[in-house]
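Thanks for coming. I have one structure to go through today, and I will keep it short. Please have a look at it before I start.

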Amino acid sequence: MLKPAHLYQEELTEKFYGTWYNPEYKYYYDGDPIIPDFPTHPDGTRQFVSVDDDDNVIGYISYYCNPVLRRANNFGILSFDKGNMTFIKDCKQIVLDIFLKYHLEAAEWFCYKDNPAIRLYRNFIRNYGGHEVGTLRRCAKAYDGVLRDIVIFEVAREDIDIDKETLTLCRKPKSYREPF
């Protein structure tokens with residue numbers, strides 16, 4: 001279940017400290033490890049935690065909402081419990097909220113090309129809509145100091161189908177899916 005990250009600052013800060021020097025999280029940090037900033041008056045950044053049934057933080061999702069271009073970008077998606085279906089559902093809910101609740105036109109994000117999570121992003125756009133915009137070579141540095149390629153993804157409002165009755169994402173028929 002998604003909840004405002006501001007309500008879980010202490011637990012979230014502790015979770016972030018636990019990821020700092022864990023090589024499993026090297027793709028999240030670009031340079032120095034960070035702790036999310038929680039401004040009193042948000043500047044367009046939306047921050048959420050994904051919590052389990054016992055109200056424990058299992059993930060963090062943030063993005064910047066550009067009010068002029070009506071686009072969501074600068075995503076931060078971090079799971080503290082890999083493979084947890086609640087977190088995966090919450091990520092889908094964020095996409096729905098971007099288009100249904102906030103009426104934005106598109107969402108864009110990037111992923112290091114060698115990040116294992118790229119498979120999830122590719123599956124998402126193949127199943128629900130969107131596309132890979134392109135690859136930038138050696139343009140980002142993970143906190144291990146290695147320059148890496150990034151892949152840019154985009155989902156525009158017209159790319160996805162939302163079931164208006166159930167307010168869920170509709171899977172694309174297999175015949176429309178692009179192979180990778």
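A word on conventions. This is a predicted model, in which local features need pLDDT of at least 70 and side-chain atom pairs count only at pLDDT 80 or more, while totals for chains, interfaces and linings use all residues. Residues are numbered from 1 along each chain as its sequence is written, and side-chain values use heavy atoms, with hydrogens and water left out.

Let me begin with helix α1, which spans residues 9-19. Helices are DSSP runs of H or I with at least four residues, strands are runs of E with at least two, and both are numbered from the N terminus. Which residues of α1 are buried? They are L12, T13, F16 and T19. Here, buried means under 20% relative accessible area, exposed means over 50%, and partly exposed is in between, with a 1.4 Å probe and protein chains only. The four sit on the same side of α1, because they cover an arc of only 120° around the axis. That arc is taken from the directions from the helix axis to the C-beta atoms. On the face turned away from the buried side, α1 carries the exposed residues E10, E14 and G18. The cover over the buried residues of α1 includes β2 (45-51), β3 (57-66) and β4 (71-79); contact here means heavy atoms within 4.5 Å.

One more point on T13. A polar atom of the T13 side chain lies 2.8 Å from the backbone oxygen of Q9. T13 is also 95 residues from E108 in sequence, and the two are 26 Å apart in space, C-alpha to C-alpha.

How many salt bridges does the structure hold? There are eight, each defined as a side-chain nitrogen of Lys or Arg within 4 Å of a carboxyl oxygen of Asp or Glu.

Take E24 and K82 to start: they form a salt bridge with the closest N and O atoms 3.8 Å apart. E24 lies in the loop between α1 and β2, and K82 in the loop between β4 and α2 (85-100), so the pair ties together parts that are 58 residues apart in sequence. E24 is partly exposed at 47% relative accessibility, and K82 is partly exposed at 47%.

Next, E108 and R71 meet through their side chains in a salt bridge of 2.7 Å, N to O. This pair links distant parts of the chain, with E108 in strand β5 and R71 in strand β4, 37 residues apart. E108 counts as partly exposed, at 26% relative accessibility.

Then there is E105 with R157, a salt bridge of 3.8 Å, N to O. E105 is in the loop between α2 and β5, and R157 is in the loop between β7 (147-156) and β8 (162-163), 52 residues away. Both ends are partly exposed: E105 has a relative accessible area of 39%, and R157 has 30%.

Now the aromatic rings. Rings of Phe, Tyr and Trp (its six-membered ring) pair if their centres lie within 6.5 Å; planes under 30 degrees apart count as stacked, over 60 as edge-to-face, and the rest as tilted. The count by this rule is ten aromatic pairs. One of them is Y17 with W20, an edge-to-face pair at 4.9 Å centre to centre and 75° between the planes. W20 is buried, at 18% relative accessible area. One aromatic cluster is made up of Y63, F75, W109, Y121 and F153. There is also a charge over a ring, which requires NZ of Lys or CZ of Arg within 6 Å of the ring centre and within 35 degrees of the ring normal. R46 lies over the face of Y102, at 3.9 Å from the ring centre.

Last, two single residues. N115 lies in the loop between β5 (106-112) and α3 (118-128). Is N115 buried or exposed? N115 counts as buried, at 14% relative accessibility. Its side chain reaches the backbone nitrogen of A117 at 2.9 Å.

E132 is in strand β6, residues 131-141, and is partly exposed at 25%. The E132 side chain makes a polar contact with the side chain of R122 at 2.5 Å. A polar contact is a pair of N or O atoms within 3.5 Å; within protein, one must be able to donate a hydrogen and the other to accept it, and residues adjacent in sequence count only if both atoms are side-chain atoms.

That is what I have; questions are welcome.
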